[in-house]
Structures are given as structure tokens and as C-alpha cells.
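Open the model in your viewer and keep the selection panel at hand. This tour tells you what to select next and what you will find there.

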Amino acid sequence: MEFNMLFAPVRTGRHLLYQKIALCLAATLLCCPKVWAQSRRADTAATAKVHELQQVNINAVKDRIIQPSITPVQRLSSTRLERMSSFSVADAIRFLTGVQLKDYGGIGGLKTVNVRSMGTNHTAVFYDGVQLGNVQNGQVDLGRFSLDNIEEISLYNGQRSEISQPARAFAAASAIYLQSKIPTFRPGEHTHLRAGFKTGSFGLWNPSILWEQKLTNRVSASVSSELVQTDGRYKFRSSNGVFDTTASRSNTDVASYRVEGGLNGTLPDSSTWRVKAYAFVANRGLPGPVVSNKFDYPQRQWDRNLFLQGSYNSNVNKRFSFILNAKYANDYLRYLDPETVKKTGFSDNHFYQHEFYFSWANRYRLTGAWDVALSSDYQWNNLDADLYRFAYPTRYMLQTVLASELKLKDISLQGSLLHTWVNDVVKAFASAGRKQKLTPSLLMSWQPGGQQDVTLRAFYKNIFRLPTLNDLYYTTIGNTQLKPEWAKQYDVGITYNHTYQQQAFAYLSVQADVYYNQVRDKIVAIPGANLFRWTMYNIGNVAIKGFETTIQSAWNTGSEIVLNAGVNYTYQQSRDVTDGQKSRYNIPYIPTHSGSVTLGADYRQLSINYSYLYVGNRYDQLSTDQNQVYNYMEPYYTHDVTLGYHTMLHRKPIKLGLEINNIFNQDRELITNFPLPRRFYRIKISYTI
Amino acid sequence: MVTSILLAGYMLFGSCRKNPSVIPEQQETVFTGDPSSPIQGLYLLNEGNMNMNKASLDYVDLRTGVYRRNIYNQANPEVVKGLGDVGNDIGIYGSKLYVVVNVSNKLEVLDAKSGKRLKQIDINNCRYVTFYKNKAYVSAYLGKVGDPKAPNGIVTEIDTATLQRERTVTVGRQPEEMAVVNGKLYVANSGGYSPPDYERTLSVIDPVSFQEIKRIDVAINLDKVKADRYGDLYVTSRGDYYDIPSRLYVVDTRTDQVKKVFNIAASSLCIDDNLAYICATEWNYPQQKNIISYTLINVRDETQLNRSFITDGTDQQIKVPYGLAVNPFTKDVYLTDAKEYVTPGTLYCFDANGKKKWQVTTGDIPAHIAFKY
């Protein structure tokens, strides 16, 4: 097996490895901080060490400074991701402000995010600049994306702060960008090979490999692959003070395999191009809700997600540039339910999705300060399923955006107008037909007195999300009369950055925003006469007021220890206003208060990172004074610690990591009746040739 | 350092989590009770939205006018995760209260007076309960768990004295409600798991031999079945939700034939004396919305009356009429509104003239009612 081969170097140095783990643990007990390190040599001369430390310090600072942007943005770079107790993108993103993670538990459970209470379907997820679509249900499972090959995760409220981008990038209320690693080679380097391995609780077994090759001076290739295998089992506890039961979560096994390969090139005129092929295959059990007298479920799901995408980024001349993107995606999902026995056997449904996507984004520089952009995206989606009375819908969508940006001395202004044309064609029964919408956004930022430290921002955006194909056509549930669900956002914020020279307090970065969102014509399932007859309707308006802030800082201790600290806080008042009057309680699963604290320390080759996550009390259904007691969900707060050690093995860098999550064994549920794990561990090793 | 930070963190947020406690009962006086009422009160089973584990039991004391909401947990705090997920039927026989909890795969047998659990009987995917000669009969969607070749449902017999499961008989696919007429048990088969291949029969079971003795062809996707005092069964067909509408059929148990069809939808049905009370929420596919209707039928001559059992306009407030019962003494009508399923519903009481007497907030999806004498 390829993995055996790759782990050979680690094996030869086993005794060394144990020594280092022991050292690492001992150091931690003494409460020593860390060096996460971009450093390449461990045993260098003292001068080099100092130099490297400064390097690290600068990197750490750069890494955490919140770059001013016209829209609120939060970034997690690979170096920060490495420090965090995170396995998937979903794990990492819960530390961002304004984000509520929906987690059904374990490694295989569905994980989606709700940004600023607007609902999962209002957040678009982009992978290397191209949207990951799911026209079937609009949800992208962020648990599926491991951090192994991710260079950076960024979350934008409103939209990404560039005008030269595909029209799809303007078409959601908030956007998550996942950027995969792009190979960079030092002079003389031609090949990078990194083997990684993670293991720990839940019977986790996660080998991975990254291969990067310089093919020519202008073209490089990379292949990244990983296997995740876990039985997913964990203990959970449930109690009302009288009964107190501990059980093991079952049907939680996952086996998934991901492979992706890319080619990256630069042309002589400095245009760039990328091609990426991606395949993900998974077979998993679906753990159901833990309810009275029923803890175990037999349902299973198989996924297969394939896509091929390419992009070309041209700088024709200084005035004109354009970006081309194209994608084909092929998704398959099989859902087997042995608890529903039909005349023909177990209920066993297969869903096939195809997507073709093409985007052309143009930018023209009118003057040195004034740009205009025109982008057009065409998308074709098809859903096929072996469901009774299925409509076999095909969706054609054309989106065009006209955007402009004016950059004056202190002030930047951006405006865009997005036109969406969508047409559904079905093979049988009714179709939702055609829709056309025009939606604006207006963004501005101001650096008072031209100061670099302070940026004031504001934006307004009105956007909708289309009903998904399930919303419209799913047998007996779909409703073809559905209108789009609207989200209107107003945001005012400030970003402050300051680097203090020659002081113990090295830098401070603060970002704060207040916002008001209105969600109108929410698409929700409403029951009919019985549980078989739910139907999708546009019912429900939500008014959301929020405040969020993120503060990052670093200290120089004067020695080789570098400390950094971050605090996030989110306040949300998201109330149902459907009947004209405002509810006194937040909509389901939205806490009023939530936040996190992260502390990190670097000392030479060691690093320690501590994260505390707090999510306040929530309600699992719409609540009133009378019934809130039945819907109340306890706050939860978890403490995670990550230890890292970085050194050289046969002159090649090796990284060791240990994560201890939920140290105080807190029992918690993010979704009612889907308990999450108690304390759990992960060990990580990676070795780069 | 880390320890001190941890402590600080704990002090900041640690006090916010309460100790786990038993889900409390709520009480309120809703109306002026009738101390001489022959019926002491009624139990109302709230289904609770699926996966939420929020089935709950409420009690209306007709003699005092006190409404007790969510009584199960305080009466039975030791039961792990309480009453369970999706309460589907309720019945009182003798001194015992039987609650069918569908997703929780159990029949809860409670003391009808105290609400305390006497026994839990595990029955996979159980749906409805009915009683005859000291036996309880429970229908269940599937007879075997995890057998792809066993799509048929069952009816299980339980002795109401020993609370032991006794015999089991296989019926049609996904059986729903049952009724007993002239010593025969009639079971409505739905076949709801295999659209469009629905069942279209009533199974007739002889309670003595506990064998299915015949099937009566009625219509597709049968649901409710109620007996009147003239030997007829009123059987509802849910149709296919698209082309075939919901209908109400009358089956004569002397001939075991359909003798009349009412071209009306019926999602809830209750027969008292000579009147059948019917309400319906039916999805209209062309209009893509629910149509709600209230109907009265005289079961003696099988004619539809041209009046409703709500006359004061309260029906305009009702979003999803769901559960229905009639007080055999006062002829008061108890009707529940399930609303959006995820918010508490409402229990309405109407007098015999269709005027609202009182209303009260219930649990989620108020659905099934049993009178306690």
C-alpha cells in the first residue's frame, strides 16, 4: 500500500519520535509555550535562532492581524488551523463570530453553518473560487472538508470584497471561501511530499498524503489524498436529575476517501490558470435522534461527489482583466432506510445531480481610482431520483452582475446590481417556471484621515435564496408555488489594527460590527393533515439584531516566548415577527450570547494552544413565556487544548500534535436529541520530504 | 497560567448551566367546572414533533375546570427521556390508561388516576390501540424489524389484567386504526410505505382464533375507522394526495360491503349517538394549499347535515384541526388545532350549538383524547 511506503521514514525514527512526544508532554506540564514555526532547521546557530524567532513573530502577527476589508471578513490561515482543535472545516469555523454550527454529532454527522441567524441556505461555500452547489437541498456538509489540504478559510458577511469575481459570489447573504494549498517551491526544489497521520478517539484512522511537483518553471502539479475511517462511537450521558443514563452512540461509523489533483500554471504575460479534479466517496451510518426507548438506528448513506473545475485569470493589459471559471460536478447520494419496508423491500433511494457552470468576469479600469466589472454566470443543474411521482427537474440559471468600485484617498465605495434569471423545466407534473430578480448591494469603507489603523465600514445588501429542488419538487412535500426567501442586511463596523514597536504588547487587532437583518418569506415545512403530508411554504419573517466583535493580540515577553490571545463575542437577537408582533425569545437554536477565547504560546519548537468556546442557552422550537421551559437548551462551554512540537527528522520537518477536546467532559447537544462526544483525543503526525 | 485562565473562564461562564431537572407540569384554571359531571376529565395526548422527543400528556379536569399541562414527567421522573417521540394514540380501559408512542416503539400503560407508569410494553412502530373483552389490541406498521421481505403489519393482543403480550396476527401493510363491531376486529390497512401501491382493504380479525378471516375492499390508503351504533363502520381513505382525493366510506358489517361513499375529506372523525363529527385538512395539489372543512353526518340515515359543529366563526382561527372528541353527556365538542406542529396547539371546547365555551394552550400537536370516568 502506498501509505506503508510513505510512513517508512517515520517508522525508522520511532525511538526518536517517542522521545520527542515525551519531551513535548513534559514541556507542556511545565506550562511552556510554543513555536509553531515556519523554521526549517531545528539545530541551527544561536543567531539563526533569533532570526527565525523574529520571523515567527512577524508571521504570527501577520497571521492574526485583521486586514481591513470593505465587508466584514474573518480568516483562518493554515498556521492557525494547525493550532486549533479541528478536524474538519466545520470544527474550525465554530470559532468565528456570528456563526452557529449545526452539528448532528460525531465525524460523520451533518455539519452546516448558520451565519447571523439567516439560515443555512443563505451561506454560499466556495472551493478555490467556485461555488460548491447542492441544488437538491442547498446544504453543503462542511464536515466533509478536512483541513488537511486547506490553506485558508475565510468568512465574508455580505460578499467578498472584490468586484472582479463571478456573479455567484454576489448571490448569497454570506460566503465561506475554502482555499486549497497552492504549491510554492524554493529555488532548487522540485518535489514536496508530505505524509500525515491522525488517530485518536472514535477509532479514528486518518492517513493523508500531499504530493507537489514542479513540472516546468511555470507549471506545478499537486495531488492530495486522504482516508478517514472511524467507528464514530462515543459515550454520552442524559439526565433529568432523577434518571441518569449513559449510553454509547451507535451507527456512527464512517469510511470516506478523498483524492484531489490540480495543475497550476503561470503564463509569460503573468496570467494564471488552475485545473482541479476532486473526488470524495463516503459510506456512513446515520445516527438518529436519541429519544425515549430508541437510541439505535440502522439508516445508511452513501455519497459520491466528483467535480472538475478550471479557471483562467488574465491580465490582458493594465486596464482590462478577466477571469474565466468552468465546472462540471456530479453528485450521487444513496439513502437506505431498513426501518421502512416497502412492498419491494427496504426503502432505498438514489439521487443523482449534475451541474455545468461557466463564468466570465471582466474588470475594466476607467481611471486610476474607478473600476467597473461585468460578470456573467451560466449554470445548469439536473436532479434525478428514483422517487415515486418525481418531477425530474432541470434548472437553468443565468446571473449577471454589474459592479463598480471607486477608491478615493480615504474612502472606498462599491456598488453592484445582480440580475438573476432562473427557469425550471420538469419532465412530469408542475414546474416552478421562470423567475427574474434584480438585487443590489452597496458597500463603503472609510479610513479617517487616511490612517491605516482605523477602517470604518458599512454595507447594505438585499439578496434571496432560491427554493431548492427538494423544496419545490420532493414528492408530497414540494410546493412549486414557492417564492424566493429574502435576506436584507444592514451592517456598520470598524476594524482597528495597531502594531506596537519595542513593547511587550506587540499588536492589537479589533473588528466589531453591528447589524440588522430581515429574513422574509422563509421557506419552511408546514404540516397538513398528518405526518405524511408536510408541505413547503413561504411563511415566517425574522428580524435579527446583532453585535459581534473579534479581538486579537500578541505579546513579546522579551524572551523566546511569544504569546497571543484572541476573544470573540457575538450577541444576537433574532426574533420571529411573522404575526406582526415580536416574539420575546430567539428563533430556534440561536443563542443570545456566544463567544470564544483562544490563547496560544510559542516557545522554540513547542506550542500550546487553548480554546474555550461558549454558546449560551437556546430554544429548540419557537418559544413563548408559557412553553419556553419545554424548549430550553442549556448553554455549553468546552475547553480544548492543543500541543504541538516541531522538529527535524533526517533533516526534514516533522510535526507532532496532540489535541484534548472537551476537557471537562461536558455533555451537550447542538441539535436536540443529537448528543455530542464527551472528552476526546487526537494525535497528529506529519512528515515532509 | 493555563489553570488560572481555566478558572477565570469557569467563573465567567460556569455558573450559567443549571442542574438537570424534571420537566415541570403547568396548571391553570380555564373554565368553571361542573362538579356533577359524570366524566371526571379527559386526557389529551400531544404528539410532539418527530425527533424532538416531546410527546406529552395533558389532563382537563371537567369537574374543577383545571387544565394540567405536561403531567407525565413529574409523575414518572425515573423514566429515561420521558414519554417519548410522537404519541400516536391513547385509550382508557378499566383503571388503566394506554398511550401508544410511535417512534419510541412502546405502549405505555399508566394508572388512569395518578398517571404513574404501570408498565412499558415494547412494540415496534406501533400506531393505534383499541379494546375488547379485557384485551388491548395494538396495530403496528411492521411485524419484523429489518426484514426486507416482511412489509406487512401486525396487530398484537395484550391482556389488560396481566399486561402481557399474548398473540400476534399479521394484517395488511401499515395498519392504522381499528374498531370492534359484533365481535369482530376491523383494521384499516394503509400501505403508506409503498406509494402508489397502497393497500385498499380492511382486515377482519376474529378475536377468538386471532386469525385474519377476510379482507374488505374499500379504497386506497385507509386511515381512521369508527363504528356507529347501527353496525356500520365509517372508514376514511387518505387518497394519494394528488389525483385521488380523500373520501369517507361507510361499510356495512352485516354484508362486509361498502354501502355508501361521502365525497368529503375526513382527517379526523368522531361518532357520538347519531352524529359523526368530521374535520378535514386536505392538500389541494392544483391550488398548492390546504383546504379545511367541518362536516356533520347523521349516521342513522347516512345523510350529510348542512351545518357545522362550529357556528360562531372560531373556525377562522383554526389552522390545522387535528384531534376531535365529543362528550357523550353534554355533547360538548373538543377540537384541537395543531397549528404549525412546532408551536403549542390549542384545545377548543364548543357547546352543542357550536359556540365556543373555552380554549386553552396545549403541548405540541394536540391530537388524541380519552375520557376518564
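**Start with chain A**

In chain A, among contacts (heavy atoms within 4.5 Å) between residues at least 6 apart in sequence, 63% join residues at least 24 apart. This is a predicted model: local features need pLDDT of at least 70, side-chain atom pairs count only at pLDDT 80 or more, and totals for chains, interfaces and linings use all residues. Residues are numbered from 1 along each chain as its sequence is written, chains are lettered from A and ligands numbered from 1 in the order in which they are written, and side-chain values use heavy atoms, with hydrogens and water left out.

Colour chain A by secondary structure. You get 7 helices and 37 strands. Helices (H or I, at least four residues) and strands (E, at least two) are DSSP runs, numbered from the N terminus. Now colour by accessibility. Of the 689 residues in chain A, 60% are buried. Buried means under 20% relative accessible area, exposed over 50%, and partly exposed in between (1.4 Å probe, protein chains only).

**Stop at A:Arg83**

Select helix α4 of chain A, residues 78-83; A:Arg83 is in it. A:Arg83 is buried, at 6% relative accessible area. Show side chains. The side chain of A:Arg83 makes a polar contact with that of A:Asn609, at 3.3 Å. A polar contact is a pair of N or O atoms within 3.5 Å; within protein, one must be able to donate a hydrogen and the other to accept it, and residues adjacent in sequence count only if both atoms are side-chain atoms.

Side chains of opposite charge can pair when their charged atoms come close. The structure holds 63 salt bridges over all chains. The rule asks for a side-chain nitrogen of Lys or Arg within 4 Å of a carboxyl oxygen of Asp or Glu.

Select A:Lys294 and A:Glu339. They form a salt bridge, with the closest N and O atoms 2.5 Å apart. The pair links distant parts of the chain, 45 residues apart: A:Lys294 is in the loop between β14 (272-285) and β15 (300-314), and A:Glu339 is in strand β16. A:Lys294 is buried at 8%, while A:Glu339 is partly exposed at 24% relative accessibility.

**Where chain A meets chain B**

Show both chains. How many residues of chain A are in contact with chain B? There are 70, and they touch 83 residues of chain B. About 6600 Å² is buried between the two chains, 59% of it on carbon and sulfur atoms. Buried area is the accessible area (1.4 Å probe) that two parts lose on being put together, summed over both.

Between chain A and chain B there are 3 salt bridges. Zoom in on B:Asp243 and A:Arg389, which form a salt bridge at 3.0 Å between the closest N and O atoms. The largest share, 5 residues, comes from β16(A).

**Inside chain B: two domains**

Colour domain 1 (33-68 + 265-373) and domain 2 (123-263) of chain B. These bounds come from an automatic or database domain assignment. The C-alpha centres of the two domains lie 23 Å apart. Domain 1 has 17 residues in contact with 19 of domain 2. Between them they bury about 1600 Å², 60% of it on carbon and sulfur atoms. B:Leu269, B:Ile271 and B:Glu302 supply 36% of the area that domain 1 buries against domain 2, more than any other three residues.

Across this interface there are 2 salt bridges. Select B:Glu302 and B:Lys259: their side chains meet in a salt bridge at 3.1 Å, N to O.

B:Asp223 forms a salt bridge with B:Lys224 (3.3 Å between the closest N and O atoms). B:Arg238 also forms a salt bridge with B:Asp223, at 3.5 Å. Both B:Arg238 and B:Asp223 are buried.

Finish at B:His368, in strand β29 (residues 366-372) of chain B. Is B:His368 buried or exposed? B:His368 is buried, with a relative accessible area of 11%. Its side chain makes a polar contact with the side chain of B:Glu47, at 2.9 Å.
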